[in-house]
Amino acid sequence: MEYTRKKLAHHLIRALSYTSVVIGVLAISAWVLSSFNAAIALCAGAAIIAGPQVWLAMSMFSRFGAQAPTLLGIAKFSLSALLFGVWFAKAQDPQPGPLFLGAIAVLVCSPVFYYLAAREEN
């Protein structure tokens, strides 16, 4: 079975939808247990990882992606590192714990949900 850009997008959307629910629950918990700034930091950490992850997934099916997947991976990690740097440089209260909790939640949940979405189709 051929894995097309359309299938990738479908599975990625499902995985990120489920992951966003997990992030939402974690953000509400952080808001209740800590502060609104912690909830914002948690969502920012999730976005810092999810944004470049989506860009990488969509770029893999481009003409350039087929030729240089390693360069795209390096660009993804560089973009995430740059965004973390901007967050720590510009945020008044960076909240590193919730920030990295959001990032780790995306790194753990999105592949699991992606696998489950792809497996359901077969």
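Which helix does A57 lie in? The points below begin with that residue and then widen to the whole chain.

1. A57 lies in helix α2, where helices (H or I, at least four residues) and strands (E, at least two) are DSSP runs, numbered from the N terminus. The model is a predicted one, in which local features need pLDDT of at least 70 and side-chain atom pairs count only at pLDDT 80 or more, while totals for chains, interfaces and linings use all residues. Residues are numbered from 1 along each chain as its sequence is written, and side-chain values use heavy atoms, with hydrogens and water left out.

2. A57 counts as buried because its relative accessibility is 15%, given that buried means under 20% relative accessible area, exposed over 50% and partly exposed in between (1.4 Å probe, protein chains only). Leaving aside residues up to four places away in sequence, A57 touches L8 and L12, a contact being heavy atoms within 4.5 Å. From A57 to S34 the separation is 23 residues in sequence and 34 Å in space, C-alpha to C-alpha.

3. Helix α5, residues 96–121, has 26 residues and reaches 38 Å from its first C-alpha to its last, which is close to the 38 Å expected at 1.5 Å a residue; the expected span is 1.5 Å times one less than the number of residues. Its buried residues are P98, L99, G102, A103, A105, V106, C109, S110, A117 and A118, and what covers them includes α1 (5–33), α2 (36–59) and α4 (69–90).

4. As for confidence, pLDDT (the predictor's confidence in each residue, from 0 to 100) averages 90 over the protein, with 93% of the residues scoring at least 70. Among the elements, α5 has the highest mean pLDDT, 93, whereas helix α3 (residues 63–67) has the lowest, 65.

5. The secondary structure comes to five helices and zero strands, and the C-alpha trace spans about 50 × 30 × 15 Å along its principal axes. Among contacts between residues at least 6 apart in sequence, 69% join residues at least 24 apart, and buried residues make up 34% of the 122 residues.

6. The protein exposes about 7,400 Å², of which carbon and sulfur atoms supply 71%, with accessible areas taken from the Shrake-Rupley method with a 1.4 Å probe. There are 8 positive and 4 negative side chains, and the centres of the two sets lie 7 Å apart; Lys and Arg count as positive and Asp and Glu as negative, with His and the chain ends not counted, and each charge is placed at NZ of Lys, CZ of Arg, CG of Asp or CD of Glu.
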